[in-house]
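Student: I have a model open and want to check its labels against their cut-offs. Can we go through them?

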Amino acid sequence: MSDKRSFVYMALTLSLITIANRATNNMVTTTISPLSKYVFGFNNLMAGVIDALIFLTTLISTSFINPSLSSSTRRKVFIASNFAIMVLLLGFYFSTSVTVWAVTAAAGVAFGLIMPNLITSASLVDNRKQAERLLSLYSTSLSISLIVGPSIESYVLSRAGYKDVFLAFVPFSILGFILSWSVKFPETKKEVKGVGSLRNKGFISSVLSITTYNVPFAALTAFLTIYGIEVLDLPKSLAYFSYIPFFTTSFLTRLFMTIRQFESLRLPLLVSIIITVVGLTGMVFSPNYMIFIAFMALLGIPHGSIFPMSTIMIARATTTEERNAVNSYFLAYNNILFFVVPVAVGALSEVIGLGLSFLVLLIPVIASAIAFFVLFWNDEIISKRV
């Protein structure tokens with residue numbers, strides 16, 4: 001197979017399995033809170049806790065299990081995890097208020113052994129320009145999945161209940177399992193392991209940059225549907241539909257970044273952070289649903305841009321041997337955010353309400369943005385291609 005055909009095959013496989021896995025992953029993480037609240041009768045705090053549980057177990061598998069495995073073992077575990085997701089979707093459908101905790105925890109472990117390896121696979125081509133384009137394509141595929149998934153869920157919810165949504169995504173899990181056998185893993189036998197990777201500037205810069213967006217996004221993942229139902233008085237299908245314009249602009253942003261790669265990441269990142277502050281504030285103070293949707297669409301721009309820029313920083317600052325460990329710890333950090341933020345917002349919302357709780361999240365957004373630009377404004381990983 002020629003290099004060009006090999007690249008196209010790798011890109012197509014990676015794109016399809018990313019869409020299948022991320023659509024399923026997003027469905028589970030955004031549906032578990034309303035499922036627990038409206039089917040099992042949990043309050044906001046417990047809904048935040050169970051949403052945090054899936055990210056806690058994902059954190060364990062991404063930060064402790066995945067980085068410790070050899071490349072050949074990771075491949076086997078990756079395939080097994082894709083199979084497990086098929087079974088666990090059925091587990092959610094048949095779950096009770098007691099068993100849903102175990103199913104949620106197991107799903108988190110499985111997703112934690114899938115997603116880091118997809119990012120690493122996207123950066124394994126030797127040509128740096130192709131690697132960055134593949135990372136952008138990977139991010140674009142994430143956004144496609146986040147349009148397709150919520151669209152399917154909104155349709156299902158207009159006709160059935162939250163449990164039925166999990167059945168609707170079984171075909172995605174089947175596709176993910178079939179394609180998992182084709183995903184590329186590093187061939188090196190000298191992969192860097194251990195917490196020494198935490199000192200890598202690619203890890204530090206990516207953590208600071210992703211904090212500027214994933215803090216509010218973690219809250220939106222857990223509570224956007226509940227916010228739409230309780231604050232805006234929307235029916236459940238329309239409340240979930242609010243994700244669609246958000247993920248549509250995210251997709252368009254990532255598609256643009258795939259076609260037109262950025263040499264310097266300075267201005268795109270600065271603009272993305274400003275949009276986050278404006279969009280989150282506007283969303284909370286929206287006087288009606290149409291304006292609310294407009295601000296949700298605006299928030300999709302930094303959602304689309306900041307994640308791929310963070311992964312590009314990692315690719316620019318790491319060797320092939322370092323990349324799996326850094327990507328694993330990067331995703332582990334994201335799962336810490338998605339563990340801590342829903343619990344904090346759920347507890348805070350019981351006192352000051354969801355809207356004001358969202359606004360409090362602007363504090364870590366601004367703080368991490370300042371730290372990032374102080375440390376890396378003149379660094380070559382964001383100022384130019386290396």
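**Helix packing and domain contact**

Tutor: H9 passes H13 in a left-handed crossing. This is a predicted model, where local features need pLDDT of at least 70, side-chain atom pairs count only at pLDDT 80 or more, and totals for chains, interfaces and linings use all residues. Residues are numbered from 1 along each chain as its sequence is written, and side-chain values use heavy atoms, with hydrogens and water left out.

Student: What makes the crossing of H9 and H13 left-handed?

Tutor: The term applies if the near helix is turned anticlockwise from the far one by less than a right angle; clockwise would be right-handed. H9 passes H13 in the left-handed sense. Helices here are DSSP runs (H or I, at least four residues), numbered from the N terminus.

Student: Why is H9 called roughly antiparallel to H13?

Tutor: H9 and H13 (residues 289-317) pack at about 150°, with axes 9 Å apart. Axes are lines fitted to C-alpha atoms over the stretch in contact, and angles run from 0 to 180 degrees between N-to-C directions. Over 145 degrees counts as roughly antiparallel, under 35 as roughly parallel, 65 to 115 as roughly perpendicular, and the rest as oblique. H9 is therefore roughly antiparallel to H13.

Student: How are the residues of the H9 contact with H13 divided?

Tutor: Into 15 nonpolar, seven polar and one charged. Ala, Val, Leu, Ile, Met, Phe, Trp, Tyr, Cys and Pro count as nonpolar, Asp, Glu, Lys and Arg as charged, and the others, Gly among them, as polar.

Student: How do you know how H9 and H16 are oriented to each other?

Tutor: The axes of H9 (residues 201-230) and H16 (residues 362-376) come within 8 Å and cross at roughly 155°. H9 and H16 are therefore roughly antiparallel. The crossing is left-handed. Residues that meet include Leu 208 and Val 215 in H9 and Phe 372 and Leu 375 in H16. Contact means heavy atoms within 4.5 Å.

Student: Which residues of H11 does H9 meet?

Tutor: Tyr 243, Phe 246 and Phe 247. The contact has seven nonpolar, two polar and no charged residues.

Student: What area is buried between domain 1 and domain 2?

Tutor: About 4800 Å², with carbon and sulfur atoms giving 63%. Buried area is the accessible area (1.4 Å probe) that two parts lose on being put together, summed over both. Asn 44, Phe 55 and Glu 132 lose the most in domain 1, together 12% of what that side buries. The bounds, 1-190 and 194-385, come from an automatic or database domain assignment.

Definitions and conventions: Helices (H or I, at least four residues) and strands (E, at least two) are DSSP runs, numbered from the N terminus.
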